[in-house]
Every structure is written in structure tokens, then in C-alpha cells.
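The sequence and structure are shown first.

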Amino acid sequence: MAPVAETASSVIKVAALSGSLRKGSYHTGLIRSAIELSKGGVAGVQIEYIDISALPFLNTDLEKDGSCPPEVEAFRQKILAADSILFASPEYNYSVTGPLKNAIDWASRPPNVWAGKPAAIVSTGGGHGGGKSQYHLRQIGVFLDIHFINKPEFFLNAFQPPPKFNSDGDLIDEEAKNRLKEILLSLKAFTLRLQGKI
């Protein structure tokens, strides 16, 4: 993919969501690594990790006078303000996790703040590295009008040697970091293309 020259208008803001709430989550570790890459090897990308752990279970009884609870409104505004989305999606039972689906559903309440957003997905775990969750998330994205990059894909077997993460959940595998960098570059280029800036 051809490099994109960085200007003030070509810096994209990425909202990053982890579907795992575990303290040493490998998926949150992938987001931390993406943030580090955005400060060095991937110019023109600003990534903000959005914590979804405080969101209440979706319950429309919590909506008052057309407004969601304050923590939900704050979350929705962060999604709305982002140029694109980075999902770190674990695979639970061939699907996305409950916390991630809950966040997706809150942000889809009218008006749907996902609509038109470019996005990328990264996953890790055993077996195929969380691949089935990605395919289900893409299906959800069709209805919500989320535009996912198709290539490259990022599935990472976390338990295959050499070690991929340390005990704190930080990504330590250099090959995986390079693959993650390619995801960010592709997301940046795709976002700017959809915005009509390249």
C-alpha cells in the first residue's frame, strides 16, 4: 500500500475497545502495543483506549428523556468523535464477548454513532487466534454500517512458542508487533480514503 504523507488533516483519531475486562488481558495488551506503535512507527495515528467496563447492561429503562446514563453518553461521544475504531475482540463461544456486544449495542441506540466509521479488528487466543469472533463482529458491522478493512487480517495464537505476551499481558513478539503495525497503516489509509483526503 502506498505511504500517506502526514499533514495536520491526515492525522486520524482512533477509538480502541477491548472486549476483555481481565486485568492481564492480552487483548488490552494488543491495544497498548498499538498505542506505542502510533507514537513511533506509525505516524499520523492517535489512539485512545476506551474502557467499557463501567457501562451498565443495556436496558432501555435507563434512558430518560431521550438520553442515556452519563457513562453511556460519555462513551457514545468518544465513538462519535473518533475517525475510526480498533476492536480487540476475544472469541467466546464462536462469537464476541458480552461486554463488547453490550458496548456495541449502547452505541447503536438512535442515533447510531457507529454509522460510517472505518474499523479494524485484532484478536488473539488459542487455536485460530480468535478468528471466529472477527467474522461475527463483521456480521454485526453490516447492520451498523461499520466499514472494516479486509486486509491484512490479525489473528494471533497466544500460546504457540515463542512467547507472545509477558505476565502483564504486554505484547513482546516482534513479528506480531510488525503485523499490528500493518493493521494500523491499513486502517489509516482506509480512513483517509473514506474521508476523501487521499
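One aromatic cluster is formed by Phe 75, Phe 87, Trp 114 and Phe 148 in this predicted model. In total, the structure holds six aromatic pairs. Two of them are set out below.

| Aromatic pair | Arrangement | Centre to centre | Angle between planes |
|---|---|---|---|
| Tyr 26 and Phe 159 | tilted | 6.3 Å | 55 degrees |
| Phe 75 and Trp 114 | edge-to-face | 6.5 Å | 70 degrees |

Phe 75 belongs to helix α2 (residues 70-81), while Trp 114 lies in the loop between α3 (98-108) and β4, 39 residues apart. Both Phe 75 and Trp 114 are buried.

Tyr 26, in helix α1 (residues 26-38), is 133 residues from Phe 159, which lies in the loop between β6 and α5. Tyr 26 is partly exposed because its relative accessibility is 23%, whereas Phe 159, at 60%, counts as exposed. The charged end of Arg 22 sits over the ring of Tyr 26, 5.3 Å from its centre.

Phe 165 lies in the loop between β6 (155-157) and α5 (174-194). With 9% relative accessibility, Phe 165 counts as buried. Its contacts beyond four places in sequence include Tyr 26, Leu 30 and Thr 124. The C-alpha atoms of Phe 165 and Tyr 26 are 7.0 Å apart, although 139 residues separate the two in sequence.

The search of the whole structure finds one cavity of 30 Å³ or more, and the largest cavity holds about 40 Å³ of space. Its lining comprises six nonpolar, one polar and two charged residues. β4 (118-125) and α4 (131-144) each supply at least two of the lining residues. Phe 154 is one of the lining residues, and the charged end of Arg 179 sits over the ring of Phe 154, 4.6 Å from its centre.

Terms used: Residues numbered from 1 in each chain as written. Predicted model: local features only at pLDDT ≥ 70, side-chain atom pairs only at ≥ 80, totals over all residues. Heavy atoms only, no water. 1 Å grid on protein atoms, 1.4 Å probe; cavity = no way out; pocket = protein on both sides within 12 Å on 5 of 7 lines; lining within 4 Å. Points joined across faces, edges and corners; volume = space filled by probe spheres on them. Helix = DSSP H or I, 4+ residues; strand = E, 2+ residues; numbered from the N terminus. Nonpolar A, V, L, I, M, F, W, Y, C, P; charged D, E, K, R; others polar. Buried < 20%, exposed > 50% of the residue type's maximum accessible area, 1.4 Å probe, protein only. Contact = heavy atoms within 4.5 Å. Phe/Tyr/Trp six-rings, centres within 6.5 Å; stacked < 30°, edge-to-face > 60°. Lys NZ or Arg CZ within 6 Å of the ring centre and 35° of its normal.
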